[in-house]
Amino acid sequence: MTRAFLVVMDSVGCGGAPDAAEFFNAGQPDTGANTLVHIARACAEGRAETGRSGPLKLPHLDALGLGAAIRLASGEGAPGLGAEPQGLWGAATEVSRGKDTPSGHWELAGVPLPWDWSYFPREIPAFPEDLLAEIRRIAGTGGTLGNCHASGTEILYRLGAEHMRTGWPILYTSSDSVFQIAAHEELFGRARLQALCAAIAPRLHEMRIGRVIARPFIGTAETGFTRTAHRHDYAMAPPAPTLCDWVQAAGRRVQAIGKIGDIFSMRGIDEVRTGPDADLMTHWADLMEEAPEGSLTFANFVEFDSLYGHRRDPAGYARALEWFDSALPRILGRMRPGDLVLITADHGNDPTWRGTDHTRERVPVIGAGRGTRALGLRAFADTAASIATHLGIPPQGPGRSFL
């Protein structure tokens, strides 16, 4: 029997999306965005020197075929990534009408999004009064703070002290289809915050808002406020059975690493291992030893996106890429005969781009365990079909196996 490991490097896009002109950042189209190429150029030109230096160094990802995948996707070369591929390599194009986490992951798992998400307007308040009244009732507070589009770090700087004074939850959204609630872990309480998010999530899901996100933080007005690692997403369930469900229905085990459990509302998931990305790499290494035969391990490494893409930090993004690459030898060295490892992404988030939103891009698809092969330009859903085929499970949905 065989095993499969599907790893999403969150937001590590490679340009070339044919519909990029239909998606926007700061009012301008995403045409020309290319996360990996622009990071590599920034490194080569000495514009990404904080905490690292010189050209982007990704020898292990490049050996699998990352540089070749970038050239296939966008027609552009990434400086320093020119190795002859030794693994599976190709690129994938998304059809779902979103450049967000659920859309990308669901489609990678075989289920393209059949609807458009709803988004909140860029006005204050951004949220309807009846929704705000319901949140006040559930939270037992006399009001709410924020009620607007904002970055998660900026809004804590602006409203953290007022939250400490009033005890009112901070509500905000972004260019994604999300509704975020921030509250102090100790003053407001993490359990209370999660209960509030869980209670209001069905209402938001009826509005086709994809995720309600609990954003706990700590600190004081004097020392500053910092978000903790106890974020929790309350996402809509996928509209049809995904790869996780197919594997589980076949009597196999599905292990989730990172926020995969949240993204799929725990549907089709047997086990979840979470933490910051450094811990997730340890979980992945452990599961290369521990995962049972016939199983699927599905991982998301979020910090490329959350810490560096949205914050438009090319040097930090480059550091994260180089860290990930340096860990690959100990991961791939634990593969068993018959294992398949596929590494891909869910969208782009070009840290050199205007605005702070995700960028509409193709994504690389590279892998080890099935020899050296050019996969060509594929659909996101082909990833699910290929993993199912590898595991000996009939694929469902629109995807076609590239194995």
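These legends describe close-up views of a predicted model.

**View 1. The annotated domain, residues 3-393.**
UniProt, in an unreviewed entry, places the feature "domain: Metalloenzyme" at residues 3-393. Over this range the chain is 37% helix and 21% strand.

The unreviewed UniProt entry gives Asp10, Asp346 and His347 the feature "binding site". They are spread over 338 residues of sequence but cluster in space, with a largest C-alpha distance of 7.2 Å. Aspartate 10 belongs to the loop that runs between strand 1 (4-9) and strand 2 (24-25).

Aspartate 305 sits in helix 11.

**View 2. The second largest pocket.**
This pocket holds about 640 Å³ of space. Its lining is made of 33 residues, and those nearest its centre are Ala150, Ser151, Ser174, His310 and Thr356. Two or more lining residues come from each of strand 2, helix 6, strand 6 (170-173), strand 7 (178-184), strand 8 and helix 11. Strand 8 gives the largest share of the lining of the second largest pocket, three residues. By residue class, the lining of the second largest pocket has seven nonpolar, 16 polar and 10 charged residues.

**View 3. The largest pocket.**
The largest pocket contains about 770 Å³ of space. It is lined by 31 residues, of which Thr228, Ala229, His230, Arg231 and Val302 are the closest to its centre. The elements that supply two or more residues to this lining include helix 6 (152-166), strand 8 (211-220), strand 9 (224-227) and strand 10 (232-235). Helix 9 (260-263), helix 10 (277-290) and helix 11 (303-309) also each give two or more residues to the lining of the largest pocket. The lining of the largest pocket divides into 11 nonpolar, 11 polar and nine charged residues.

**View 4. The largest cavity.**
Rolling a probe the size of a water molecule over the atoms shows where empty space is left. The structure has one cavity of 30 Å³ or more. The space in the largest cavity comes to about 40 Å³. Its lining consists of Met9, Val12, Leu36, Leu61, Leu66, Ile343, Thr344, Pro364 and Ile366. Strand 14 (340-344) and strand 15 (363-368) are the elements that give two or more residues to the lining of the largest cavity. Eight residues of the lining of the largest cavity are nonpolar, one is polar and none is charged.

**View 5. The packing of helix 5 against helix 7.**
Two packed helices are described by the angle between their axes and the distance between the axes. For helix 5 (residues 129-139) and helix 7 (residues 185-206), the angle is about 145° and the axes are 10 Å apart. The crossing of helix 5 and helix 7 is right-handed. On the side of helix 5, the residues in contact are Asp130, Leu131, Glu134, Ile135, Ile138 and Ala139. In helix 7 they meet Phe188, Arg192, Leu196, Ala199, Ile200, Arg203 and Leu204. The residues of this contact divide into nine nonpolar, no polar and four charged.

Most residues other than glycine have a negative phi, and most peptide bonds are trans. The peptide bond from isoleucine 124 to proline 125 is cis, its omega being near 0°. Proline 125 is in the loop between helix 4 (101-108) and helix 5. Serine 265, a residue other than glycine, has a positive phi, near 50°. The loop that holds serine 265 lies between helix 9 and strand 12 (271-273).

Definitions and conventions. Residues numbered from 1 in each chain as written. Predicted model: local features only at pLDDT ≥ 70, side-chain atom pairs only at ≥ 80, totals over all residues. Heavy atoms only, no water. UniProt positions renumbered as here; feature names shortened; annotations may be inferred. Helix = DSSP H or I, 4+ residues; strand = E, 2+ residues; numbered from the N terminus. 1 Å grid on protein atoms, 1.4 Å probe; cavity = no way out; pocket = protein on both sides within 12 Å on 5 of 7 lines; lining within 4 Å. Points joined across faces, edges and corners; volume = space filled by probe spheres on them. Nonpolar A, V, L, I, M, F, W, Y, C, P; charged D, E, K, R; others polar. Axes fitted to C-alpha atoms, helices over the stretch in contact; angles between N-to-C directions. Left-handed = near helix turned anticlockwise from the far one by under 90°. Contact = heavy atoms within 4.5 Å.
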